[in-house]
Amino acid sequence: TREVIETLRSYGVTIFGYDPLLSEEDVRHEFDVSLLTDPSFAAPFDGLILVVPHRPFLLLSLDQLTSWMTSPPVLVDVQGIHLKQASSSNDLIYHCL
């Protein structure tokens, strides 16, 4: 994850973190990014990278995630949490690793 963050930064991407299970100190120490307490307050984003399948992320609908992004929404879903839903979405740019 740190390598992905550094690569994105090298392209001038501003990175924010969101994980309701981690403290701001943990996120800043582990990933050197600012922690958002609620992504909807900082939206819209150009894209989202969904890395871990923590329960709070499993509860987020694809519609909710795309509402936080500019158009066309770009979602990189490392664990494939939304693979089935994304296959029926016409305007979503979706990548599963």
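**Fold.** I began with the secondary structure and found 6 helices and 5 strands in the protein. Both are DSSP runs numbered from the N terminus, helices being H or I with at least four residues and strands E with at least two. Reading from the N terminus, I noted the order α-β-α-β-α-β-α-α-β-α-β.

**Ground rules.** I am working with a predicted model, in which local features need pLDDT of at least 70 and side-chain atom pairs count only at pLDDT 80 or more, while totals for chains, interfaces and linings use all residues. Residues are numbered from 1 along each chain as its sequence is written, and side-chain values use heavy atoms, with hydrogens and water left out.

**Confidence.** I checked pLDDT, the predictor's confidence in each residue from 0 to 100. The mean for the protein is 90, and 100% of its residues reach 70 or more. Confidence is lowest in helix H6 (residues 83-86), with a mean of 84, and highest in E4, at 94.

**Size and packing.** For 97 residues a compact globule would come near 13 Å, and the protein agrees, at 13 Å. The C-alpha trace spans about 40 × 30 × 25 Å along its principal axes. Of the 97 residues, 27% count as buried (under 20% relative accessible area; exposed is over 50%, partly exposed in between, with a 1.4 Å probe and protein chains only).

**Pro-73.** What surrounds this proline, leaving aside its neighbours within four places in sequence? I found it in contact (heavy atoms within 4.5 Å) with Thr-66, Asp-91, Leu-92 and Ile-93. Pro-73 sits in the loop between helix H5 (62-67) and strand E4 (74-77), and it is buried because its relative accessible area is 5%. Its C-alpha is 5.2 Å from that of Leu-92, 19 residues away in sequence.

**Cis peptides.** I noted a cis bond from Ser-71 to Pro-72, with omega near -5°; Pro-72 is in the loop between H5 and E4. A cis peptide bond also joins Ala-43 and Pro-44, with omega about 10°, and Pro-44 lies between helix H3 (39-42) and strand E3 (48-50).

**Asp-32.** I flagged Asp-32 for its positive phi of about 55°, although it is not a glycine. Asp-32 belongs to the loop between helix H2 (24-31) and strand E2 (34-35), and it is partly exposed, at 43% relative accessible area.

Technical notes:
Rg over C-alpha atoms; globule rule 2.2 N^0.38 Å.
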